[in-house]
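This briefing goes through one protein chain by topic. Look at the sequence and the model first, then read the points below.

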Amino acid sequence: MREFADIHALAAAQGSHLGHSPWHTVTQDQISTFADATGDHQWIHVDVERAAAGPFGSTIAHGFLTLSLLPMFAWQIYRLQKSPAMAINYGLNKVRFLQPVRVGSRIRDSLELAEAKETPKGILLTMRHEVEIDGEDRPALVAEALSLVVP
C-alpha cells in the first residue's frame with residue numbers, strides 16, 4: 001500500500017501507477033446479495049444449475065458489481081495520512097466490461113492516477129482502473145473513475 005501525506009501529495013503523483021489491490025474472491029453470496037440490492041436476478045447471475053450449463057459454465061458477477069468494487073480496491077492500494085474533509089464519486093469517463101467474472105474467480109485492481117486537476121470545489125482525480133482476473137490474459141473491466149476530493 002502506498003501512503004501519501006495528504007491529497008496534495010497524491011495529486012503530485014499524477015501520471016503514475018499507484019499499485020495493485022490484494023486479490024478478492026468473488027463468491028456466489030456476494031453475487032446474490034448484489035442481485036437482491038439491484039433487482040437484477042438474471043439467471044446467469046443467480047441460477048447456479050442453469051448457469052453451469054450456460055455459455056460461461058457457471059454464474060458470473062454482474063458487470064456493475066465489479067464496477068462497484070473500485071472504491072474498495074482503491075482504498076486497498078493507497079491511503080492518505082491526513083484525511084480530506086470529503087471525497088465523493090464524481091462520475092465515469094469510460095467503462096468497458098471486457099470479460100465475465102465467473103463465480104470463484106480472484107480479481108484485483110491495477111490503479112493509475114491519470115490526472116489530478118485543481119477546481120474551485122476541490123481536486124478532481126481521474127483514476128484509471130484495470131480489474132484483472134487471476135489466470136486470464138484480458139481484464140474483466142477497464143474504467144476511468146472520477147472523484148472530487150475536498151481538502
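The model is predicted.

**Secondary structure**
- Six helices and eight strands are found in the chain.
- Their order along the sequence is β-α-β-β-α-α-α-α-α-β-β-β-β-β.

**Overall dimensions and surface**
- A box of roughly 50 × 30 × 25 Å, taken along the principal axes, is filled by the C-alpha atoms of the chain.
- The chain has 151 residues, and 42% of them are buried.
- The accessible surface is about 8,100 Å², and carbon and sulfur atoms account for 51% of that surface.

**Contacts**
- Of the contacts between residues at least 6 apart in sequence, 71% link residues at least 24 apart.

**The largest pocket**
- The largest pocket holds about 380 Å³ of space.
- Its lining consists of 23 residues, and those closest to the pocket centre are Pro-71, Asn-89, Ala-145, Leu-146 and Ser-147.
- Two helices, H1 (7–11) and H6 (70–77), each give two or more residues to this lining.
- Strands S4 (78–80), S5 (86–97), S7 (122–133) and S8 (141–150) also each give two or more residues.
- Strand S5 provides the largest share of the lining, with six residues.

Terms used: Residues numbered from 1 in each chain as written. Predicted model: local features only at pLDDT ≥ 70, side-chain atom pairs only at ≥ 80, totals over all residues. Heavy atoms only, no water. Helix = DSSP H or I, 4+ residues; strand = E, 2+ residues; numbered from the N terminus. Buried < 20%, exposed > 50% of the residue type's maximum accessible area, 1.4 Å probe, protein only. Contact = heavy atoms within 4.5 Å. Areas by Shrake-Rupley, 256 points an atom, 1.4 Å probe, with all protein chains shown as cover. 1 Å grid on protein atoms, 1.4 Å probe; cavity = no way out; pocket = protein on both sides within 12 Å on 5 of 7 lines; lining within 4 Å. Points joined across faces, edges and corners; volume = space filled by probe spheres on them.
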